[in-house]
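This report looks at a few side chains and the contacts around them. The sequence and the structure come first.

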Protein chains: 2
Amino acid sequence: PKKKKTGYSNRGMTLEEDLNQTNDYYLLRKIAVIHKKPIPIQIVNVDYPSRSAAKITEAYYKKASTTDYNGIYNGYYIDFEAKETRNKTSFPLKNFHDHQLSHMEACVDQGGICFIVVRFSTLDKVFVLDFSVLKKWWDQQFEEKGKKSIPYSVFEKDGYELPYSLAPRLPYLTIVDQLIVNRDL
Amino acid sequence: PKKKKTGYSNRGMTLEEDLNQTNDYYLLRKIAVIHKKPIPIQIVNVDYPSRSAAKITEAYYKKASTTDYNGIYNGYYIDFEAKETRNKTSFPLKNFHDHQLSHMEACVDQGGICFIVVRFSTLDKVFVLDFSVLKKWWDQQFEEKGKKSIPYSVFEKDGYELPYSLAPRLPYLTIVDQLIVNRDL
Ligand SMILES: [Mg+2]
Ligand SMILES: [Mg+2]
């Protein structure tokens, strides 16, 4: 028989839905103001039917030059990217673009708190990984015999597991508090 | 004869173009990381033609719940809205939504620096107005005999004129430095 699960799990919601719900919780309770950015779109054609809303009839997805989420928490600038993978043993680095790494590095240089939230959906596990760890793994891929992915064990060892909870769903700011402590050590 | 203009003017670019160029300048010189957010869109239908990019064939504009621009500057969270008006004597408050005011207020509560950048395009003048001033004028509109717009004289007296320059086009961070000083007094 299946092992009975303890605690909360993701219950079929996407990582993005869980994070948006978490951010709503933080906003409502005046804990933080963090939003998902809209998806960047290149609009090519718009119709203006009389008496109704403008209708976009031709548009294309653009590559994001920044990350999914940003905002402010207790005076700190927060910036992160959220990703899901069905892999069980590692997280493929091709999930990120050069631009996103440069963006996060520039934010860290300005004093921001940057990280990634990764869900291993098959394992039902979510981790937070500080930008410094991501950056180390990103850079090694270009070396001789560099790995093209971050092993799961790195998330366990150098990341923080983010357990599901009732409210908020994914209380990632608890881990952000830790990232801030580590940085200011 | 027309009075000869001194200094730089907007040269037919929109305020958004001027600000984006300014932000590129700041990013390149590692002065700040501030981006315009993508326009929020509700996507209804997408075609996936073989061998070409996904094409969005039906989508609608959504009302923005936050502001145009945000990012980080020297450890400070920066959040602002940019607006143009052809009015010469005042700036109509209907240019803002409730949601945008609440958003800026929440950011200020978290320690962020929030303001608006307003261009009076007919006068070729740009001003920065701190959120605290906007908020005062926003609130008075609901009082008896409240004004529905912010008089131009308020921008001159309680705002900061933002002169055009060669590079960056609109050096608004010089004024942000002043807003930070004022706040921390
Ligand atoms: Mg993502
Ligand atoms: Mg605007």
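Arg119(B) belongs to strand β7 (residues 113-120) of chain B, strands being DSSP runs of E of at least two residues and helices runs of H or I of at least four, numbered from the N terminus. Its relative accessibility is 3%, so Arg119(B) counts as buried (under 20% relative accessible area, with exposed over 50% and partly exposed in between, using a 1.4 Å probe and protein chains only).

## Basis of the model

This is a predicted model, in which local features need pLDDT of at least 70 and side-chain atom pairs count only at pLDDT 80 or more, while totals for chains, interfaces and linings use all residues. Residues are numbered from 1 along each chain as its sequence is written, chains are lettered from A and ligands numbered from 1 in the order in which they are written, and side-chain values use heavy atoms, with hydrogens and water left out.

## Two buried residues in chain A

Glu81(A), in strand β5 (residues 76-85) of chain A, is buried at 2% relative accessibility, and its side chain makes a polar contact with that of Lys83(A) at 3.3 Å. Gln100(A), in helix α2 (residues 98-109) of chain A, is buried at 3%.

Methods
Polar contact = N/O pair within 3.5 Å; in protein donor to acceptor, adjacent residues only side chain to side chain.
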